[in-house]
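Let's take a friendly walk through this model together. Please keep the sequence and the 3D view side by side as you read.

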Amino acid sequence: MDFQIALLLGQDGITNGAIYALLALALVLVFAVTRVIFIPQGEFVSYGALTLVMIQAGAIPATVWLLLGAGLLAAALDVRLALRAGQPGRLVRLVGWYVAYPLVLVALLYTLPVKDFPMIAQILFALAVVVPMGPLMYRLIYQPIAAAPVLVLLIVSVAVHVAMVGLGLLFFGAEGSRTPPFSDARFEMGPVMVSGQTIWVVVSSLVLIVALYQFFERTLYGKALRATAINRVGARLMGISPALAGRLTFFLAALIGALSGVLIAPITTIYYDTGFLIGLKGFVAAIVGGLGSYPLAAAGALLVGLLEAFSSFWASAHKEVIVFTLIIPVLLWRSLRGRHVEEEE
Amino acid sequence: MNANIHGSNLILKTVLEVRDLTVSYGKVEALSNANIKVGEGQIVTVIGPNGAGKTTMLSAIMGLLESRGKVDFDGTIEGVPVVERMVARGMNLVPEKRELFGEMTVEDNLVLGAFQRHRSGHRDHAQTMEEVYQLFPRLRERRSQLAGTLSGGERQMLAVGRALMAKPKLLMLDEPSLGLAPLIVREIFRIIGELRRRGVSILLVEQNARAALQVADYAYVLETGEIAMEGPARQLADDPRVIEAYLGLGGKHQEMLST
Ligand SMILES: Nc1ncnc2c1ncn2[C@@H]1O[C@H](COP(=O)(O)OP(=O)(O)OP(=O)(O)O)[C@@H](O)[C@H]1O
Ligand SMILES: [Mg+2]
């Protein structure tokens, strides 16, 4: 291996590492706030990327029907609750968000020539379809069992993951796809060529990470999420309901997932089940941080990305094995050093 | 406000009325058919020995625990109180364990105290915070310190200050003097009196019966999950049974602490 190849691999590693870092942050966040180990995180990557593919192909993305179905279900549940609690005033808002929003989206996708829109608009449409599935998923699946033990939540996560992969196959078919890159620019940096898309991925990830940091440090809702993660009872006493925190967290997780998918779709061929592997690598990174530390998780993500890139050069058949084996020494080290993630109370 | 209003339970407007509140932990009934009333602008105290069910009662009123009975707060009856809804309607609890956000700064803890107010469109938390800092100048000095590193007394102040950020109609305090030095206890009770002057109704649970009876208008004695006695605070303070069980001899020393 010469220097140039090392640089190329390093570039690959950093690009992938940036995406793993985003996913790792989402996983840590979801776990801290809701105690859910969010296995389906990766599905949002696939759904985001492939929804964009369908939009660019001029088709109505099948995911929008899932959104509508989930919205109807959630509306039915919440309308019943609102009526029982004697708050008919909330009905309008509920139905508006759960039902009218997906319908408006469907109408727009049918009537507008979205296929010919600039890519940024198409991406926004893809996000508009996929991201609301996050809070809906929390409302329908996790909120009713929010008090369950971590293990139960994990088992449910596995079930949700399997269901989403199955639906993904139904929606997108077994074929993989790519999207055109955001830009065709190439930059020479010393001896290597850096593609515009690589820069897009790294810069967008950094921007997103900084934005998230600002959100948690500066805004009231960001602080409310941190408060919920630190002390659930204390947060409830401030009027921060776990349901609100959960929906907001899942919104962010879905946004991060879908955006990651959109970012890597031009570099990697995405299949309906690609997201799972990507999410799993984010998970390895999150484990490096003990599912609790954001900086360690980000560092872990970079490590995973680089390890993957270099092992694909030396032992490409075993690259996944090498990456996932990383989890064993990390877990050993973590459990020997004490303080692991405990079942709460 | 004359003594007649504070000294009697026959008042015009009731902020909180709890009827037949019963809480069980499994098969054990920790609170049985408690009836309690708090009038507007009143301080009502609940005293009783350890394990009597005082904390249980406050938690149930707030909605942190499941209960049977009725909680009529501010004119609306809640069968089963839900914490967030009670907060939104103006009830706040400073719990026995304080439940501060340890890894966040004092100021962030305070800001979060106004979360519900902010959500319902009242964006005046800067001004409320100024008022809280005036009550507790120590908190201003410590504004950027992490809550988890505060001293016991400072934590207490932060817990009360955080609850005040919500501008509650009814403030429920669970042993605000717990583990505090005599001087700070006095300060806390001075502030409780000050809050009433500002129109906050207070339901106060205390071990420090002497100080509580002195500041309160009306009092309940809770023993093994049941209301054993009730009456105007002055009257209870003179009741031989209360003196024997809760005020005790050597009252001189406590008297000094509480004034
Ligand atoms: N989660 C629980 N499970 C079972 N029993 C409980 C639980 N919490 C409290 N208890 C019991 O209920 C009774 C009342 O407890 P509570 O905390 O309300 O007492 P308290 O009056 O606040 O006492 P203290 O003055 O010591 O704070 C006690 O006997 C206690 O052991
Ligand atoms: Mg108690």
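Which residue forms a salt bridge with K281(A), and how many Å apart are the closest N and O atoms? The partner is E320(A), with the closest N and O atoms 2.7 Å apart. A salt bridge here is a side-chain nitrogen of Lys or Arg within 4 Å of a carboxyl oxygen of Asp or Glu.

Before going on, a word on the ground rules. This is a predicted model, in which local features need pLDDT of at least 70 and side-chain atom pairs count only at pLDDT 80 or more, while totals for chains, interfaces and linings use all residues. Residues are numbered from 1 along each chain as its sequence is written, chains are lettered from A and ligands numbered from 1 in the order in which they are written, and side-chain values use heavy atoms, leaving out hydrogens and water.

Back to our pair. K281(A) sits in helix α12 (residues 274–288) of chain A and E320(A) in helix α14 (residues 319–325) of chain A, so their contact ties together parts that are 39 residues apart in sequence. Helices (H or I, at least four residues) and strands (E, at least two) are DSSP runs, numbered from the N terminus. K281(A) counts as buried at 4% relative accessibility, whereas E320(A) is partly exposed at 26%. Buried means under 20% relative accessible area, exposed over 50%, and partly exposed in between (1.4 Å probe, protein chains only).

Helix α14 of chain A also holds K319(A), which forms a salt bridge with E308(A), the closest N and O atoms being 4.0 Å apart. E308(A) belongs to helix α13 (residues 294–314) of chain A, so this pair ties together parts that are eleven residues apart in sequence. Here E308(A) is buried, at 5% relative accessible area, and K319(A) is partly exposed, at 26%.

Chain B has a salt bridge to look at too: the side chains of D72(B) and R19(B) meet at 3.9 Å, N to O. D72(B) lies in strand β4 (residues 68–73) of chain B and R19(B) in strand β1 (residues 14–25) of chain B, so the pair ties together parts that are 53 residues apart in sequence. D72(B) is buried, with a relative accessible area of 16%, and R19(B) is partly exposed at 32%. Returning to chain A, salt bridges that share partners join K281(A), E308(A), K319(A) and E320(A) into one network. Over all chains, the structure holds 23 salt bridges.

Now turn to the sheet in chain B. Six strands form an open sheet in the order β6-β7-β8-β3-β9-β10 (chain B), with mixed pairing; two strands pair if DSSP finds at least two bridges between them. At the edges stand β6 (91–94) and β10 (226–232) of chain B, each with a single partner strand, so one side of each is left without a neighbour in the sheet. Within the sheet, β3 (residues 43–47) and β8 (residues 201–206) of chain B pair in the parallel sense over five bridges.
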